[in-house]
2 protein chains.
Amino acid sequence: MTKRITISEVGPRDGLQSIAHILTLEQKLAWIEAEAAAGVTEIEVGSFVPAKVLPQLADTGEVVRRSREIPGLTVAVLVPNAKGAAAALEAGAHKLTIPLSVSETHSLRNVRRTHAQMIEEARQISAMIAELPQEQRPHFEGSLSTVFGCTLEGAIPDAQIARLAEQLRDAGCHEIGLSDTTGYANPAQVRHLIRLVRGVVGKEAVTGLHLHNTRGLGLANVLAGLEEDITTFDSSLGGLGGCPFAPGASGNIVTEDLVFMLEAMGIDTGIDFEGLMKARAILREALNPEEPLYGFAPEAGLPLGFAYAEARV
Amino acid sequence: MTKRITISEVGPRDGLQSIAHILTLEQKLAWIEAEAAAGVTEIEVGSFVPAKVLPQLADTGEVVRRSREIPGLTVAVLVPNAKGAAAALEAGAHKLTIPLSVSETHSLRNVRRTHAQMIEEARQISAMIAELPQEQRPHFEGSLSTVFGCTLEGAIPDAQIARLAEQLRDAGCHEIGLSDTTGYANPAQVRHLIRLVRGVVGKEAVTGLHLHNTRGLGLANVLAGLEEDITTFDSSLGGLGGCPFAPGASGNIVTEDLVFMLEAMGIDTGIDFEGLMKARAILREALNPEEPLYGFAPEAGLPLGFAYAEARV
């Protein structure tokens, strides 16, 4: 099993897009800086969508520019299309993720585009990236969302998933992510789909999972992913988040609980739990008081005698 | 991986002992009957402890006698000592579990007995069982509690755990259970301790796990247990429960979420989710309104297109 895992914090994107309250630029940066200070090395700081769709993320360009000043931080963003990617490249994001919902019904609902249209967007983004000097090219991920099932279509056939993964790879994505948008995933399915997609695009192209805890299986699904040598897990501080366009689908896995599990298992995350608790306090302060934050480890605290996989300084 | 799992509902014992409100005999039986009707085949219905210690469980003898009338149900009880076991045998319990806290500090706090005294209790219970006609002898489990760490002592040395497992086996326990009393367990540790204890008492003697969800890792720990061929998991409807003598240690894993996970993975539990929801409603009604019930699947519902491992009639 892999002994070093990257946790990609998605709260500033996936979390904030699902709540009505709009954080200020300074509040977002205070949160991002606190997580980076805790040792988080990759943060999805926003999404380049029209401000009228998600006003919560309207300042993503500025968040990217400011976050780039944090040493060692990979600044990731979501881009629903080529127009968003152009803005992301201009702002200097290190990683771009385009979501392709394997449920076409959800794709139309979420980004108002068919599968063919989304693949074409991915192609255009790859072309834009190829025009950049080598050292300025961001990492480009195609994320298969609703891949564990859709609240509108139910289960998606393996053949359709495999075909879309191949098309994303052919469109120039460096990496194919698997995203449990709806919180439907179970550990057996996690293993199955990782193997299915790797069978099409290669093992090295499938390294990340985006999981939700909607039905409580989030960390069990992480364990299944670990056993398949997944090396990056998305999570959200306080479990903030969900998909506003998939009814009933809420709750990213909780960064705090994920860090506790991995470290307790002897798997290094480089992240300090107390530092995360400071970031959680900053987030708590920035949100409306009635906004729930999730997580068990923050409530219960670390076990007596807890030790990190690698000693913290 | 095992394809049929027994879920042992411990809410009427572990759940009720941790809340102040006392359910009536009829309320308990309505709950137990509803779970049995949902397909639960083993229920820990109470504990033979002095009524002044746990008045919530004072009617355990009568609960056992009435529960025995439910066809096909294994009626399990906790017995802290030989005196409790005598009462359990008289009532006709099918399964007796004696908890031996591997943390002696916790043992003294919980049952006011040293390790040596507890092993002697187990010996006396075995002797009582041996006097019964073969067909009346209950299954006798010795459960290693706080085996994943203690809120008072921290981590317990492997050698101490192995020694106590061996002593319980030598005292006549048919089975050695592992119990995460404090919610400290992580999946790597689950695997390690199952292997450690099996190395001493044999694989066939270690078949069950009692897990809590205190730090959110409950179902991930179940997955680790499944991969080690564990066949029985304790859980509690609505996650009711915890240990009143281990500060901060609360929350059994949730029966509803456990059933969802296993069935979604294609592992048969024989339990109907809708039936569990009916039992949950009965429990909800019996508890004080402010008493929290846990569980993600009950809130989110089953995924669109969900299918049981084996079709329900």
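## Burial and overall shape of chain A

Buried residues account for 56% of the 313 residues in chain A; buried here means that 20 or more other C-beta atoms, placed from the backbone, lie within 10 Å of a residue's own, while exposed means 12 or fewer and partly exposed is in between. Keep in mind that this is a predicted model, where local features need pLDDT of at least 70, side-chain atom pairs count only at pLDDT 80 or more, and totals for chains, interfaces and linings use all residues. As for labels, residues are numbered from 1 along each chain as its sequence is written, with chains lettered from A and ligands numbered from 1 in the order in which they are written.

Chain A has twelve helices and eight strands, which are DSSP runs numbered from the N terminus (H or I, at least four residues, for helices; E, at least two, for strands). Along the principal axes, the C-alpha atoms of chain A fill a box of roughly 55 × 40 × 40 Å.

## A buried strand in chain B

Over in chain B, take strand β2 (residues 42-47): six of its six residues are buried, so the strand is largely enclosed by the rest of the structure. β2(B) runs parallel to strand β1 (residues 6-9) of chain B, joined by two bridges, and parallel to strand β3 (residues 74-78) of chain B, joined by five. Strands count as paired if DSSP finds at least two bridges between them.

I43(B) in β2(B) is the bridge partner of E9(B), and I43(B) also stands opposite V75(B) in β3(B).

## L108(B)

L108(B) sits in helix α5 (residues 104-111) of chain B. With 15 other C-beta atoms within 10 Å, L108(B) is partly exposed. From L108(B) to E228(B) is 120 residues in sequence and 31 Å in space, C-alpha to C-alpha.

## How the two copies relate
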